[in-house]
Amino acid sequence: MKLTTIGKSVATALTCAAALYATSASAQTLTANSTGTNNGFYYTFWKDSGDASMGLQAAGRYTSQWTNSTNNWVGGKGWNPGNSTRVISYSGNFGVDNSQNSYLAFYGWTRSPLIEYYVIESYGSYNPASCSGGTDYGSFQSDGATYNVRRCLRTQQPSIDGTQTFYQYFSVRNPKKGFGAISGTITFANHANFWASKGLALGNHDYQVLATEGYQSRGSSDITVSQGTVTTSSTPASSTPAVSSSSVASSTPSVSGGVTVRARGVAGGEHINLRIGGATVASWDLTTSFQDLTYAGTAAGDIQVQFDNDGGSRDVVVDYIRVNGETRQAEDMTYNTGYYANGSCGGGGNSELMHCNGVIGFGFTYDCFSGSCSGGSTGGGTSSSGGGAGSSSSANNCSGYVGITFDDGPTANTPTLVNLLKQNNLTPVTWFNQGNNVVANANFMAQQLSVGEVHNHSYSHPQMGSMSYQQIYDELNRANQAIQNAGAPKPTLFRPPYGTVNSTIQQAAQALGLRVITWDVDSQDWNGATASAIASAANRLQNGQVILMHDGSYTNTNAAIAQIASSLRAKGLCPGRIDASTGRAVAPSGGTASSTPAVSSSSRSSTPAVSSSSRSSTPASSSRASSSIATGGACQCNWWGTRYPICTATASGWGWENNRNCITTSTCNSQGTGGGGVVCN
C-alpha cells in the first residue's frame, strides 16, 4: 500500500480557521490542523480526515496516535527556519510494525527551489522513496548506516506555497531502524551535501521537524527531538560529496586556521555567524546550552562573531573563541556592538552578552594575545605528568592522557569488558553507572573498580531536560547511595543521560558535590556503529579529551577495545582519570595535562544570561565555561563552582597571566548569592 505524501504543509493548514493555530503551551492535544511554537520548538500537525491526534509535551517531545479511520496525517516538532547544517538527536517510541503504512523521518521544506525533503529513519509496510517514475542517485554513509537517495516529482499537489509542482528528495536509512524503543542521530549536512553533489539543490529553508506520518494505518509515537550533542563543522552545503559523520564531529579543529566558538542562546533558536576577513565562513543555530562550534577552514583576517536574529527574548552569550592554540575571552576583546549599554545597542563596554544584532571583534587570525600560541593548531598540549598507580604506561611513553568512559553499567557484559580492558592494558577507565543497574548487578562493581573509577549516571536514566530540581536531585542522590552501598567511593562526577544539560541539572549536581561531564568524542556505539567505526572515533581523541562508550549489549564496543588500545599507544596517548576540578582527562597519579588544554565540549555554565526583557546599562555576571586549570596555589577564585587562579598583575576584572585565565580578587568576590568567592587552601 502506497504511503501518499500529500501536502503535510502550512499552506494546507491555512485553509482552516485562524483559531486552530495553537500558541505556546506547556502541554496540549491537537486534533485540528495547526502550526506554531511550543516550549521553544516549532511544531506542525496536519491530517486530511479521521481521528489522528498529537500531544505537545515538554521541550522537544511530542506524542501521537491514529487509527485506520485517518486517511493521511503527519506531525512533529523541530525548528523554523531549518538549515542544512543541523545535527539532531531523537529518542522515544515508534509504535508501529511492518504491517502498518507509516514512517519516522527528519522532514522539511525549502523555497527557491520549492523542495520537500525527508531523511527516513524507519518505515513500515511501504518505503516512501518507492515513488513511480522517480530517479535513484546512489547511496552514501552517515551516522553508522547507508542511506539510499531518490528524487520524486509531485505534480500539482499541495505544498507550503499552495498547489504546486515540486520535487521530493529522499534519503532512506539502510538498515532502517526498528519499531518500539528507538533513538538515533542525524547529521543533516551529510545529506544536504550528497544531494548537492548530485545536482539536488536545496533552497531557502522553511520549517524542519522530526516527523511521524501515517497513511491508512494505525499506530502511535512518543518522540523527543533535540539539537545533537555532536559538534559539527557548519560550513554551508556545497557540491562536494558527503562526508562521514565522524569527519564533521570533532569538538576541536585540527587544521591550521581553525576557529572554535563557544556560545549559547538564552531562548534557543538564536543565530550567529563567524566572519573572517569580512566574509561569513560558518553559521550556527544555538540552543540554550553551551556548544563548541567549529570552523575547520583556512580563512585569514579579522575575526568577528555576529548575532543577526535578535527579537523577543533572544540573546546570545559568547563565552570565548579558540584560535592559534589560545582562548580569547569575549569580555577581554576590544568591541561588542551587540551589547546593550547606556540606553542603546552598542552603547559601549565589553561583555560576552549580545542583546542586539551586532558583532564581537576577536582580533586577527594571526594575533597572539597570550604570548604562547601554536601557530594555528587548536589542539590540546601534551602532558609531562608521570603515570601513577593504575596507569597503563609510564611517563616516558605518555605524551598525553584521554578519558575512556563507559555508560549504563554494570551489566552482564561487564566481566567480559573488564577482561578485555586488562588484556589490552587500556586502564584506568571511568564508569558512569545507573543506580538501578548497580542494585541489580552489585556483584560486578568490584570488577569495575579493579580497572578504574565509578561515577554517577542517574538512577533510572530519565530525560532530565524538563524535570524539576527536586526530581533531578532525587535521581542523583539515589544513584550515589546505590554506588556507595555497593562498595565504591562517593562519586564526584555526573554524566547526564542523553548529554542533556541545563542550569537546573547543574545546580542539583553541584548540591551533591558532582561535576557535570559529557564528552568530546561520541563513539556512536549506541547507534549501531561498527567496531572499526568506534575505533576510528577513539583515534580522534586528543590530550585531555573524553570519549563516550557503553557497557551493555553493544558487542561492537567490546570488539573495538584492542584496536583502540593499539591506536592510542601509537599516538603516545594513555588512559587517564577525569579530574573533577577541570573535567579533563589527566594522569592517573593526579598530574594534569598541559597548562593550555583545549576546553572540553562537556563544559557547561550554570550562570543564566540577562534576558532581553531586563536590559540595562549594568553588565551581568559573565557566564564562564567550567573547564579550567586549577592552580594548586594557596588561594583561588571559586567562580560559579569552578576554580580559577587569582590575578596578581591585573588591576580589575579578568586577566590572562602565566598562559591561563585569572580573576582579580574584587571581581571574584562580586559574584553575589550562589556564585562564589576567593577560597584559600
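**Close-up 1. N39, a non-glycine residue with a positive phi in the predicted model.** N39 sits in the loop that runs between β2 (34–38) and β3 (41–47), and its phi is about 50° although the residue is not a glycine. With a relative accessibility of 31%, N39 counts as partly exposed, because that class covers values between the 20% limit for buried and the 50% limit for exposed.

**Close-up 2. H461, which also has a positive phi without being a glycine.** The phi of H461 is about 60°, and the residue is found in the loop between β30 (452–456) and α6 (469–485). H461 is buried, its relative accessible area being 19%. Most residues other than glycine have a negative phi.

**Close-up 3. The cis peptide bond between N80 and P81.** Omega for the bond that joins N80 and P81 is about 5°, and P81 belongs to the loop between β6 (72–79) and β7 (87–95).

**Close-up 4. The cis peptide bond from G409 to P410.** Here omega is near -10°, and P410 lies in the loop that separates β28 (400–407) from α3 (414–423). Most peptide bonds are trans.

**Close-up 5. The largest nonpolar core and another core apart from it.** The largest nonpolar core has 37 residues, and those with the most contacts inside it are I88, Y90, L104, F106, W195, L202 and L210. Helix α2 (residues 188–197) supplies the largest share of this core, namely 4 residues. Apart from this core lies another, of 34 residues, which includes F406, V438, V521 and A529.

How values were computed: Residues are numbered from 1 along each chain as its sequence is written. This is a predicted model: local features need pLDDT of at least 70, side-chain atom pairs count only at pLDDT 80 or more; totals for chains, interfaces and linings use all residues. Side-chain values use heavy atoms; hydrogens and water are left out. A nonpolar core is a set of buried Ala, Val, Leu, Ile, Met, Phe, Trp, Tyr and Cys residues joined through side-chain atoms within 4.5 Å. Buried means under 20% relative accessible area, exposed over 50%, partly exposed in between (1.4 Å probe, protein chains only). Helices (H or I, at least four residues) and strands (E, at least two) are DSSP runs, numbered from the N terminus.
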